[in-house]
Amino acid sequence: MSTEQHFKQNFIGGRWVDSKGGKEHQVINPATEEPASTIVLGTAADVDDAVAAAKEAYKSWSQTTREERLDILNRIVEEYKKRGADLAKSMAAEMGAPVSFAATAQVGAGIGGFLGTIAALKDFSFSEQHGANKVVYEPIGVVGMITPWNWPLNQIALKVAPALAAGNTMVLKPSEECPGNATIFAEILEAAGVPPGVFNLVQGDGPTVGNAIAAHPGIEMVSFTGSTRAGILVAKAAADTVKRVHQELGGKSPNIVLPDADLEAVLPPTVQGVLVNTGQSCIAPTRILVHKDRESEAVGVIKAMFDGTQVGDPMTEGAHIGPVVNKAQFDKIQGLIQSAIDEGAKLETGGTGLPSNVNRGFYVKPTVFSGVTPNMRIAKEEIFGPVATVMAYDDLDQAVEIANDTEYGLSAVVSGDPAKAAEVAPKLRAGMVAVNAWGPGPGAPFGGYKASGNGREGGLFGLKDFMEVKAISGIPA
């Protein structure tokens, strides 16, 4: 069967099956505002079937050796590489990532998740001796996974790879805004020979399938990536069954530019994170904090970057950025831009409305504000679009205070001399701090403090988060 036919099905117990009572849902292309694909939104009955298949498969998969799991993971990477172009086109059509960017960064992020897990599994100690006690790491059981649309393959890989490596079985619900890549991903796992029932895919929305996964008594862990608002609902639904809740949620990342930084050198690689993926990254460092004496100089560098950023058709090759994912996101971003104007921030470039080169689609003008203060809406709420806010500080203590003045704590950036940045990093209440880069290095544990979630993904820490810890006492060392 072709991918097109599989779009309207779920992958349960190693077979492509029709939903039990699901309804068709059109995915809208954010560049054309016309349908890109059609899926069937699943039901709680579909989740029941997927959990039953996963529980059955767990009996044997949990007993596999390290070598057997490594073999499967490596085969997945080989099959994944064959489908790179299909994955890129699917993401370009459904969530607007330009096809050149999707084929490199988006597809590459998924491979990176698997390679990081493979490296961690090769050296992982499944048992450790702690004094008279033996401590062993074991699979948790059936893991429910709910993933977002913005970096879809990255988030799928950062959950599926460690779950497989740990010996768990799983049920995945991808975002209904960008479901096609998950269907192709299921085909990849099928081609790689993942045993039936180890990986199950149920398409659907949050209130129905997401809630059924979070609340299901047969699921021992739920791993969720998305908004803090939705994450709270997942945690509440999961509470009655006392399952492990593993979350990567929203962010409002600061970029502290050190007073003596070489702005021409350090701003482009860090501010780029506000433009990459059209600003739709939970770690986008949108709050750019600069010393008050250098605000106009910093604005000049940032404005030039944003003015030089082209906006255009995601299906066309090139280095431009695409639209944001849907009308709701577009309207939210337009509202935040207008709020900053109304509250007295200075609009340096961009603003509301469509860019001049397009007449439809959910395209946002690359926008820069200066004179932003911590009490403004745009300084508090996650934007999720190509909008940078420049904020002035008097001294570094105040910069750290402003940086930490947020309910979120996912990521932070320090731009400038790495030795001086090393003194600032421990003061920042964030799960990740990047120096002169907008995101963490490969293999770094990914996750945040405060309302940005709990638990970590990627590499060794991601693998451990998908395992149980058992203490065995009273046996020979």
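1. A residue is called exposed when its relative accessible area is over 50% and buried when that area is under 20%, with partly exposed in between. Val242, with a relative accessible area of 73%, is therefore exposed. Please keep in mind throughout that this is a predicted model.

2. Most residues other than glycine have a negative phi. Val242 is found in the loop that runs between helix H9 (228-239) and strand S11 (244-248).

3. The UniProt record, in an unreviewed entry, places the feature "domain: Aldehyde dehydrogenase" at residues 16-472.

4. The structure holds 20 salt bridges, among them one between the side chains of Lys59 and Glu56, with a distance of 2.9 Å from N to O. Because these two residues are three apart in helix H2 (residues 44-61), about one helical turn separates them. Lys59 counts as exposed at 55% relative accessibility, whereas Glu56, at 49%, is partly exposed.

5. In helix H3 (residues 66-82), Glu78 and Lys81 are likewise three residues apart, about one turn of the helix, and they form a salt bridge in which the closest N and O atoms are 3.9 Å apart. Glu78 counts as partly exposed at 45% relative accessibility, and Lys81 counts as partly exposed at 49%.

6. Which parts of the chain does the salt bridge between Glu468 and Arg244 tie together? The side chains of Glu468 and Arg244 meet at 3.2 Å, N to O. Glu468 lies in strand S22 (residues 467-473) and Arg244 in strand S11, so the pair ties together parts that are 224 residues apart in sequence. Glu468 is partly exposed, with a relative accessible area of 38%, and Arg244 is partly exposed as well, at 28%. Elsewhere, salt bridges that share partners join Arg83, Asp86 and Glu187 into one network.

7. On the surface, Asp395, Asp397, Glu401 and Asp405 gather in a patch of negative charge. Glu401 lies in helix H14 (residues 396-404) and is exposed, with a relative accessible area of 59%.

Note on methods: Residues numbered from 1 in each chain as written. Predicted model: local features only at pLDDT ≥ 70, side-chain atom pairs only at ≥ 80, totals over all residues. Heavy atoms only, no water. Patch = residues over 30% accessible without salt bridge, like charges linked within 9 Å, V, L, I, M, F, W, Y side chains within 5 Å. Areas by Shrake-Rupley, 256 points an atom, 1.4 Å probe, with all protein chains shown as cover. Salt bridge = Lys/Arg side-chain N within 4 Å of Asp/Glu carboxyl O. Lys, Arg positive; Asp, Glu negative; His and termini not counted. Charge placed at Lys NZ, Arg CZ, Asp CG, Glu CD. Helix = DSSP H or I, 4+ residues; strand = E, 2+ residues; numbered from the N terminus. Buried < 20%, exposed > 50% of the residue type's maximum accessible area, 1.4 Å probe, protein only. UniProt positions renumbered as here; feature names shortened; annotations may be inferred.
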